Structure formats: C-alpha cells, structure tokens
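Good morning, and thank you for coming. Please look at the sequence and the structure that I am about to show.

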Amino acid sequence: MLIGEVARRSGVSARMLRHYESLGLVRPSGRTGSGYREYSGEDVRRIFHIESLRAVGLSLREIGRALDDPGFTPSALVDDLILRTRERIAAETELLTRLDRVRAADPTAWEDVLQVLALLRALGSASAGTRQRAALASVDEVPVEALAEAALGEGDPYVAGALRWALSRSGGGGAALLAEGLSSPVAAVRERAVRSLAGLPGAEASALLRDALASCDAVVRSRAALALGAQGEAAATPVLVDMIVAGRNDTEAADVLSVLAGDDAAADRIAALLADRIRDEASGPPARGRLTQALAGIPGATASGALTELLGDADPAVALTAAYLLRLRGDG
C-alpha cells in the first residue's frame, strides 16, 4: 500500500507517518518503481501498535524501546504510566475543586475571580504566614469549603486558630463539612475537626458535638465535652468525669464541671457522680485524688457530705485533701 492508502485506513496522517519514519519507528518495507513508499501488512500492524501505545500515554521514544528492545520489560513502564496518570488525575481534580469554589464565591468580575484564586492558592502555601494571612482575609472572599478543608489539614496551631476564627464567621455550612473529619482514619484530622466544631456557633455544631460524645476516640470525646460543658450542656458531665479519672485535661474538666454546677440540683448530681467514682474500687489512688480535688468546685450539701466521708479515707492524701477543702468551704 502507498502512504495515502495507509493514512486512509489507519487514520494516521501522511505527515505523521513520515515523522514516524524519520524517528525510525516505521520503515516502509519497499519502494515502487517510481520511488514511492510501499507499506506491507506487517508495517501497517506496527503502525497500529504505535497508535495503541500512544493512546495509553507512552512517548514516541518509549514506544521505540517497547517495540525494538528485546530486553525491554513493560511492567516498570506500566507502573510509571499509572503513577503519571494518577498525578494527572489529582491535578485535574484539584483544578476542578478550585473552579467549583470560585463559582461558589459568585464572582461578578475577573478581578473577583483572580482574588479568590489567589486566596485559595495562599491557603495551600508552604508558608504558615501566608496561610494565616489568607485565613484572616475577608470571609466573604474565601469559600467555606476551602476553609473547612484547610482547617482539617492544618498542623500549625496559629494558622489553625485563624482558620477556626474564619469558619466561625463564615455564615454557615462549615459544620457539615467539618463533621466529615470526625470519621477520618487519621487521629489528627479527627482532633482538628472537633476543635473546629467547638468554635462554631449554632445548633448544628452543638448537635454534632453531642454526637461526638459517643466517639470511640477519647480525644474527640474530651474536646466535645469541654465545648459543650462550657455551653451549659449537662450531657457532657459523664465524659468530663471520665477525663478526670483518666487524667486527661482533668483540670479543664473540673473547671467545666464547676460551671455546670450552676444550680443546686445540678451541683448535687455532679457531686454524687464524683463521689460514686471515688468509691469505685477500679479508680486508682491518683484518680481518686483528682476526683476529690474536683469536688472543690462543686457547691452544695452533697459535695460537702462526700468530702466529710473522705476524712476517714484509707488514702492519707485523699483524707488530707478532703480536710483542706472542707476548711476552705467553712465546713471543717
């Protein structure tokens, strides 16, 4: 077949066939009496092989090696193609996400588009200062989706604080986005999610924090309990007491319990729960000492009665702490 016929049948232009020939990828098997290139059936099959390999992303140089090098092993090349394809998909996905966020910002002019793109790029900067400045920019200019994603991935405490501040002023939508981080397989992401939710106003964030009280992650439970307790949510009480027993942010937990003990009924319930845990044989000496100290911030007769009972405790440290606290209360 002459080059025109090959081009028609293969879909490869005559110009590209000549280019393949110049690179040594295809060599016409013969020439006509007039000197025209003449391709055999084997030549045409090779052309189809070249096009197939181009379709999966191989360069012409790699195709030449694949077709002519007897020692060529395709597995390494296929692995490289997979890696390049994944990188390309990731880049395209990132671009699509960025464009979606630009559209969500509802820009009205090219200057607005460029401003949003600049802020999104700054949120992904390697510089913590640049990320912090982007987070502190006008919340109207940074899409809440970008803020939530950045907050879940931010390891710098100062930048994370700026992002939480921005989310709290974003006007809604952030709570549901942050909630996705609570189920992350990465512990650091779960902690960032609950910290960010704790800074959000509104009923939706509070509801998500109440759900987080049952989390299997102790850090998530603790952060949710501290936030809810500060808001006056009695449901946080059992987790706060568990924190004191475990010695995890126990001072903060005791302070929040004193806030929750704002009326006589609540104070009596909290004091009774603390006293029960002190009596629990499973609570070791350090935990019993922390629980006794926590009674200091709980007013009312139930707390005083529990401290009086502890005056005769077998652990001298607990008994001395109880005596000291009773004197402070005027009961000793």
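At what angle do helix α8 and helix α11 pack? Helix α8 (residues 144-153) and helix α11 (residues 187-198) pack at about 130 degrees, and their axes are 7 Å apart. Axes here are lines fitted to C-alpha atoms, for helices over the stretch in contact, and angles run from 0 to 180 degrees between N-to-C directions. Helices (H or I, at least four residues) and strands (E, at least two) are DSSP runs, numbered from the N terminus.

The two helices α8 and α11 are therefore oblique to each other. Angles under 35 degrees count as roughly parallel, those over 145 as roughly antiparallel, 65 to 115 as roughly perpendicular, and the rest as oblique. On the α8 side, the contact (heavy atoms within 4.5 Å) is made by Ala151, Leu152 and Gly153, and on the α11 side by Val189, Arg192, Ala193 and Ser196. These residues divide into four nonpolar, two polar and one charged. In this scheme Ala, Val, Leu, Ile, Met, Phe, Trp, Tyr, Cys and Pro count as nonpolar, Asp, Glu, Lys and Arg as charged, and the others, Gly among them, as polar.

A word on the source: this is a predicted model, in which local features need pLDDT of at least 70 and side-chain atom pairs count only at pLDDT 80 or more, while totals for chains, interfaces and linings use all residues. Residues are numbered from 1 along each chain as its sequence is written, and side-chain values use heavy atoms, with hydrogens and water left out.

Let us stay with helix α11, where Arg190 has its place. Is Arg190 buried or exposed? Arg190 is buried, with a relative accessible area of 18%; buried means under 20%, exposed over 50%, and partly exposed in between (1.4 Å probe, protein chains only). A polar atom of the Arg190 side chain lies 2.8 Å from the backbone oxygen of Ser184. Leaving aside residues up to four places away in sequence, Arg190 touches Gly181, Leu182, Ser184, Pro185, Asp217 and Val220.

Returning to helix α8, we find Ala146 there. Ala146 is buried, with a relative accessible area of 4%. Its C-alpha atom is separated by 9.7 Å from that of Gly174, which is 28 residues away along the chain.

Finally, the whole protein. It has 19 helices and two strands, and buried residues make up 38% of its 332 residues.

Key: Polar contact = N/O pair within 3.5 Å; in protein donor to acceptor, adjacent residues only side chain to side chain.
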